Amino acid sequence: MRSYECAVIVHPAVNEDGLRASTAKYVDIIAKGGGEITKVETWGKRRLSYEIMKQPEGTYFFYRFRGGSALVDELGRQMRIDEGILRHLIVRDELAEGNEPALEPGTVEATMRHPEREVREEVEHRGERY
Amino acid sequence: MARDTKRDPKKKGEKREKRPMRKKKCKFCLDRVTHIDYKDERRVRRFMTDRGKITPRRITGTCAKHQRMLAAAVKRARLIALVPYVREYYR
Ligand SMILES: [Zn+2]
């Protein structure tokens, strides 16, 4: 069992109920695949740096979990065929200690990671030099 | 060498004035950074040009180890659209 973090960009047309359903679906897939969820977070809707499938924005979710490689494969496969998902990225969670308490799948809800972060134009970076 | 003559063809024979260059320090080493998070958009962006390229080590003074970590973080951040792959100038 390794610790992973899965970042997901959900299609901006998915409403709040849809987002909840999406979270429930992937929490279920992780649990059924023998994984343990340690955290589910969201950044809410954010502007994308470039359009994905013609969409200028999307809702960000982050799933932190422990599991095996078969689960990672299955999770990735499911996300790829999910039309509600613009993009996903699963990486090893290098910062995880490995002893974070596992959450009860039925109770998992996405918490806001950066409440202050909403759709906003980032200040353009003008090539600072050091 | 060739670049010097090109830049200032008149002073060909003269000795070029040496600019005292302060040795740049790796920002990440100063902060004792052991991991660069791809989600840390602000930090990652600071090491990118306005065109969306990763700023070279020779400009930022980042050490080799941290530049590798940074490059990996930038690539991940690009994948989930936190930072651009390219940004063309506005016309
Ligand atoms: Zn360094």
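The model is predicted: local features need pLDDT of at least 70 and side-chain atom pairs count only at pLDDT 80 or more, while totals for chains, interfaces and linings use all residues. Residues are numbered from 1 along each chain as its sequence is written, chains are lettered from A and ligands numbered from 1 in the order in which they are written, and side-chain values use heavy atoms, with hydrogens and water left out.

**Where chain B meets chain A**

- Chain B brings 27 residues to the contact and chain A brings 28 residues, where contact means heavy atoms within 4.5 Å.
- About 2500 Å² is buried between the two chains, with carbon and sulfur atoms giving 55%; buried area is the accessible area (1.4 Å probe) that two parts lose on being put together, summed over both.
- On the chain B side, B:Lys39, B:Ile80 and B:Ala81 lose the most area to chain A, together 22% of what that side buries.
- Twelve residue pairs, both at pLDDT 80 or more, are in polar contact between the chains (a pair of N or O atoms within 3.5 Å; within protein, one must be able to donate a hydrogen and the other to accept it, and residues adjacent in sequence count only if both atoms are side-chain atoms).
- Helices α3 (41–46), α4 (57–60) and α5 (64–79) of chain B each supply at least two residues of the side that touches chain A; helices here are DSSP runs (H or I, at least four residues), and strands are runs of E with at least two, numbered from the N terminus.
- The largest share of that side, four residues, comes from α3(B).

**Salt bridges**

- The whole structure holds 14 salt bridges over all chains, each a side-chain nitrogen of Lys or Arg within 4 Å of a carboxyl oxygen of Asp or Glu.
- Two salt bridges are counted between chain B and chain A. A:Arg46 forms one with B:Glu41, the closest N and O atoms being 2.6 Å apart.
- Within chain A, A:Glu5 and A:Arg64 pair at 3.2 Å, N to O. This pair links strand β1 (residues 2–10) to strand β3 (residues 55–67), 59 residues apart.

**The zinc site**

- B:Cys26 (SG), B:Cys29 (SG), B:Cys63 (SG) and B:His66 (ND1) are the protein donors of the zinc ion, 1.9 to 2.3 Å from it; donors are N, O and S atoms within 2.8 Å of the metal (3.2 Å for Na, K and Ca), and water is not among the atoms, so sites may look incomplete.
- The site is tetrahedral, with angles of 102 to 114 degrees among its four donor atoms (four donors count as tetrahedral if all angles lie between 85 and 135 degrees).
- The donor residues follow the spacing C-x2-C-x33-C-x2-H.

Terms used: Four donors count as tetrahedral if all angles lie between 85 and 135 degrees; four count as square planar and six as octahedral if opposite donors are over 155 degrees apart and all others between 65 and 115; anything else is irregular.
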